[in-house]
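Hi everyone, thanks for making time this morning.

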Amino acid sequence: MFSQTTIILGNGFDLDLGLNTSYKSFIDSKDFECWMKEYIDTPDETNLFDYIFKQRLIDTWGGVEASIYDFAEYTKAIDRFDYEMIEQEFRHLEDAIAEFLKKVDYNNIIFTSCAWHLLGILRKYPHVNIFSFNYTDIAKLPGTPLPNSRIKHIHGTLTEKNAILGIQDCKIRQELSFFKKSHHTNYMSKELIETLNKSERILFYGHSMCLSDMDYFTSLFKNICRRESNIKRIDFVVLDSDAEKELYKNIVLLSEHTLAEIRECVDLFVFKTKDNIQAVFEMMNKFDISMSEPAFCACMPTGRRVNH
């Protein structure tokens, strides 16, 4: 039994629900193609769309952010470049993503999915903290399982037109600072970080811990290893063994600690929807039972991978 529980939703959660919101689908979409054609005559040193397309082998949303970072690094070797043109492209990239996600069909939900089952559980416990890294609107799902007021959207939403795209804080050309998430008006990391450190249990569903989100999670694992947080257990729900390997790699990179060091300080479990879906359901059912125990008490916060 845990006094405070926090849920983190990544793109894999949307995909498990049946929402076609994958990064690959975006790159293959007409929305991306349209802007690719718009900038077809743009010189290579300022052609952000072409650069992202050439690096499209990374198939999670961390891929577009990694490409933006690599593009910023690429420009360091260029003496003169049109940074106003690059910012214009970046804003059009944001527009393309928004247009792509607006077309998502919310009527093809997989009601037998683990993600849908989790929504049913969360509906019963209004005091559980829920943070989403997705732009999608859960309230649009059939039966409106959760109101948007229950969810803190870290990267904003399409509904409120405040979506955040970008990279972690790092050393890039000052003229390209608009690439950084922290420079966005709606950037909010303080509430998430504080809530995570106050929580005793955290469940990550479909979040790959990609390095573009290191500003949110580096301190989490460092505090765990310094034994300066309340966290006792962390669960990850991913797609398969490949996603599990990628998750472990990212945790080590962003935490600067080995998995052994982290596991000495916290119980860490990984569940895979493709390889062993029954284990995922069993974990969530036990979670449901523990939450329903009379002694449970929690506080509201003050405030992409199942990789398909």
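Two words on the background. This is a predicted model, so local features need pLDDT of at least 70 and side-chain atom pairs count only at pLDDT 80 or more, while totals for chains, interfaces and linings use all residues. Residues are numbered from 1 along each chain as its sequence is written, and side-chain values use heavy atoms, with hydrogens and water left out.

Now the sheet. When I say helix or strand, I mean a DSSP run, numbered from the N terminus: helices are H or I with at least four residues, strands are E with at least two. Two strands pair if DSSP finds at least two bridges between them. In general, strands of a sheet pair through backbone hydrogen bonds, either parallel or antiparallel. Which order do the strands take here? The order is E3-E2-E1-E4-E5-E6, in an open sheet of six strands with parallel pairing. At the edges sit E3 and strand E6, residues 267-272, each pairing on one side only. From one strand to the next, the twist averages 20 degrees. For angles like this, axes are lines fitted to C-alpha atoms, for helices over the stretch in contact, and the angles run from 0 to 180 degrees between N-to-C directions.

Let's zoom in on one pairing. Strand E1, residues 5-9, runs parallel to strand E4, residues 201-205, and five bridges join them. Thr6, for example, has Ile202 in E4 as its bridge partner.

Next, the helices that lie on these strands. Contact here means heavy atoms within 4.5 Å. Helix H7, residues 114-123, lies across E1, E2 and E4, and runs at about 145 degrees to E4. Helix H10, residues 241-255, lies across strand E5 (233-238) and E6, at about 150 degrees to E6.

H10 also meets another helix. The axes of H9 and H10 come within 8 Å and cross at roughly 80 degrees. That makes H9 roughly perpendicular to H10; by the cut-offs, under 35 degrees is roughly parallel, over 145 roughly antiparallel, 65 to 115 roughly perpendicular, and the rest oblique. On the H9 side the contact is made by Met214, Phe217, Thr218, Phe221 and Lys222, and on the H10 side by Ile251, Leu254 and Ser255.

On to the aromatic rings. Rings of Phe, Tyr and Trp (its six-membered ring) pair if their centres lie within 6.5 Å; planes under 30 degrees apart are stacked, over 60 edge-to-face, and the rest tilted. How many aromatic pairs does the whole structure hold? The search finds 21. One of them is Phe90 with Phe178, a tilted pair at 5.9 Å centre to centre and 45 degrees between the planes. Phe90 lies in helix H6 and Phe178 in the loop between E3 and H8, so the pair ties together parts that are 88 residues apart in sequence. Phe90 is buried at 0% relative accessibility, and Phe178 is buried at 12%.

Then there is Phe133 with Tyr216: the ring centres are 5.3 Å apart and the planes stand at 85 degrees, so this pair is edge-to-face. Phe133 is in the loop between strand E2 (129-132) and E3, and Tyr216 is in helix H9, residues 214-225. Phe133 is buried at 8%, and Tyr216 is buried at 1%.

Last topic: charges. Side chains of opposite charge can pair when their charged atoms come close. A salt bridge, for us, is a side-chain nitrogen of Lys or Arg within 4 Å of a carboxyl oxygen of Asp or Glu. By that rule there are 21 salt bridges. In helix H6, residues 83-102, Glu87 and Arg91 sit four residues apart, about one turn of the helix, and they form a salt bridge at 3.3 Å. Arg91 also bridges to Glu94, at 3.2 Å from N to O. Is Glu94 buried or exposed? At 18% relative accessibility, Glu94 counts as buried, whereas Arg91 is partly exposed at 31%.

How values were computed
Buried < 20%, exposed > 50% of the residue type's maximum accessible area, 1.4 Å probe, protein only.
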